Amino acid sequence: SFFRMPLLSTPGFQARNISARYNQKIMAAFGCGLMMTGGSVFLLQDGLIAGFALLAGIMLGSALLLPLLLSKILGLVARTASGPLSEWVWADMRAQLPGLSLSMMALMLALATNIGVGTMVSSFRLTFLGWMDQRFSSEVYVTVTNDEQAKELTAWLDDRGITTLPIRWAEIPKEGSTIRVYGAMDHSTYRRNWPILQADEFAWDNVFLGTGAMINEQLARRHNLSTGDELSLTRDWKITVSGVYSDYGNPNGQIIVSLPKLIQIFPDSPRRQFGLQLPPRRVPDLIKKIRETFDSNHIFAIDQADIKAKSLAVFDRTFVVTGALNVLTLGVAGFAILTSLLTLWNMRLPQLAPVWALGVSRQQLAWLELLRSIVLATLTAILALPLGLILAWLLLSVINVEAFGWKLPMYLFPLDWVLLLVLALISAAAAAAIPAFKLSRIKPSDLLKVFAHER
């Protein structure tokens, strides 16, 4: 690239600019190659490794594209500049970009990761809350230790007019794994509350008639099943898939059939768990009476609200590290910006001294240095947003499906993006504060020395 350099121009500065632009194009081409490679691996291969290859290709490729994109954006903005100082600011910002490219890449990856992982966790939390409201449709769940106690409990509850939904199940081995088959009695709570992903028109009618079955998403994806397909449970028991329901957190396949059908095939299935339907205001009193009437060492009763609260507490503890990682990654990106600015500090004086000599004060130059970091951080954050959303989609719809067997819906959280933008600007401003302060306090004699040497 050096043979294109103007013959009478300052060799060092021009050479650096030409070389930087050439390197940006090479990096951008390499970044596009990485994204294409990741996409090709994902299309040609299945599994979690292919998903991570796609993720890595997009993230690293986007980072390598960033310097060229920033340079093009700054070049377009520079065309709208009016006045010598404004033109110099944008041109200088573009000229200093090669030295700040690595730190801007770190900032973009940090922001994109925060947006992607934050969107995934928040989407998972919203979905999890809605899913619990649907799945835990009974007000009280009771577990006993033997069939005799189960008979006594159901009779006692019937005398008090409380609807009892038995939770009975059996396990079936299938293709190296175990599928749990639940029996459901014909009750409106399933039609009204169960979290269905896809189902035919008379899904629950077919289930309760014994001709259909509801299967969880994990089983549907693992065996490539959908509504209307036939599912073989045992050698003599085949049933039609009536619908697919969400079952987050469960790594195994699960099926719901009619309770009479389950008892017919598996008469020895345990009768130990029950869901109780009653007005919420009666829940505390009922649990108290159950514990007083029956041996508390052999019966366990818990209300729906307690289950949800404990489940949500476990969920929040599981992802509490996400917030710390957000702060850590932004801190690392801010430190990278600071290191780059301090490294470029001495190299900046030959560009700043002529501008100061033309009448721009040191304080103005310091503010312009601060503005440069904020503008670059803002542009980087804007470019990081779509990358972060792509990352979130990959985590929810690709990685999660390959790793756990279920797909999560994606929700958007614009307020979180605004907060991340503010944090990014604060990090960039804090990193630029030290060089800007040094510039505002630099001695005029140090700037004058620039003219005494060939630099």
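In the predicted model, tryptophan 169 stands opposite tyrosine 182 of strand E3. The pairing that contains these residues is antiparallel: seven bridges join strand E2 (residues 163-174) to strand E3 (residues 177-184). Two residues separate E2 from E3 in a hairpin, and glutamate 175 in the turn adopts a positive phi of about 50°. A salt bridge between the side chains of glutamate 171 and arginine 180 has an N to O distance of 3.0 Å. Glutamate 171 is partly exposed, with a relative accessible area of 43%, and arginine 180 is likewise partly exposed, at 26%. Strand E3 is also joined by five bridges to strand E8 (residues 254-258), and these two strands run parallel. Within that pairing, glycine 183 stands opposite valine 257 in E8.

The count of salt bridges in the model comes to 10. One of them is formed by arginine 272 and aspartate 147, whose closest N and O atoms are 2.2 Å apart. Arginine 272 lies in the loop between helix H8 (259-265) and strand E9 (273-277), whereas aspartate 147 belongs to helix H4 (residues 147-159); the pair therefore ties together parts that are 125 residues apart in sequence. Arginine 272 is partly exposed, with a relative accessible area of 26%, as is aspartate 147, with 38%.

A further salt bridge links glutamate 217 to arginine 221, with the closest N and O atoms 2.9 Å apart. Both residues lie in helix H7 (residues 217-222), and because they are four residues apart, about one helical turn separates them. Glutamate 217 is buried, with a relative accessible area of 4%, while arginine 221 is partly exposed, with 41%.

Beyond residues up to four places away in sequence, leucine 107 touches Leu330, Ala333, Ile337, Ala377, Thr380 and Ala424.

Helix H13 has 27 residues and reaches 37 Å from its first C-alpha to its last, close to the expected 39 Å. A bend of about 35° occurs in H13 at alanine 433, and proline 435 follows within four residues. The buried residues of H13 include Leu420, Ala424, Ala432, Pro435 and Leu439.

How values were computed: Residues numbered from 1 in each chain as written. Predicted model: local features only at pLDDT ≥ 70, side-chain atom pairs only at ≥ 80, totals over all residues. Heavy atoms only, no water. Contact = heavy atoms within 4.5 Å. Expected span 1.5 Å × (residues − 1). Bend = angle between axes of the 7 residues up to and from the residue. Buried < 20%, exposed > 50% of the residue type's maximum accessible area, 1.4 Å probe, protein only. Pairing = 2+ DSSP bridges. Salt bridge = Lys/Arg side-chain N within 4 Å of Asp/Glu carboxyl O.
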